[in-house]
Amino acid sequence: MDTVSLDHFQTAYHATRHLLGLGHRSIAYFCFARPELNPRQQEGYRQALEDAGIPYRKSLVVPGFSSRRGGQESVDRGQRAARRGPST
């Protein structure tokens, strides 16, 4: 059977590196309500930050967007966390 699949680690890693390359330093990671459902994606995000010398901030891991309203709430939480500054 033919299949197509994503390398979730590489996808998150390259997306995060792209944002870092644009000068962003406070990058939120938006994920499912249960981040453990896709650990490789979060690992890619975390590795890109580490490779750039940016500390991982758990407060910027924002779970819970599965609807339009949930998405807006997640974005609001991510923005508040980014404004609070460094904390793990």
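This is a predicted model: local features need pLDDT of at least 70, side-chain atom pairs count only at pLDDT 80 or more; totals for chains, interfaces and linings use all residues.
Biologist: How do you know that the span of H2 agrees with what a helix should give?
Modeller: H2 covers residues 39-51, which is 13 residues, and at 1.5 Å a residue they should span 18 Å. The end C-alpha atoms are 18 Å apart, so the two agree.

Biologist: Which residues of H2 are buried?
Modeller: Gln42, Gly44, Tyr45, Ala48 and Leu49.

Biologist: And what makes you say that they line one face of the helix?
Modeller: Look down the axis of H2: the buried residues fall within an arc of 155 degrees, so they sit along one face. Their cover includes helix H1 (8-21), strand S1 (29-31) and S2.

Biologist: What makes up the largest nonpolar core?
Modeller: Eleven residues, among them Leu20, Ile27, Tyr45, Leu49, Val61 and Ala81. To count, each has to be buried and joined to the set through side-chain atoms within 4.5 Å. S1 and H2 are the elements that give two or more residues to this core. In soluble globular proteins, nonpolar side chains tend to be buried together.

Biologist: Why is serine 67 called partly exposed?
Modeller: Its relative accessible area is 43%. Buried would be under 20% and exposed over 50%, so serine 67 falls in between and counts as partly exposed.

Biologist: Where does serine 67 lie?
Modeller: In the loop between strand S2 (61-63) and helix H3 (68-84). Its C-alpha atom is separated by 21 Å from that of histidine 8, 59 residues apart along the chain.

Terms used. Residues are numbered from 1 along each chain as its sequence is written. Side-chain values use heavy atoms; hydrogens and water are left out. Helices (H or I, at least four residues) and strands (E, at least two) are DSSP runs, numbered from the N terminus. Buried means under 20% relative accessible area, exposed over 50%, partly exposed in between (1.4 Å probe, protein chains only). The expected span of a helix is 1.5 Å times one less than its number of residues. The arc is that of the directions from the helix axis to the C-beta atoms. Contact means heavy atoms within 4.5 Å.
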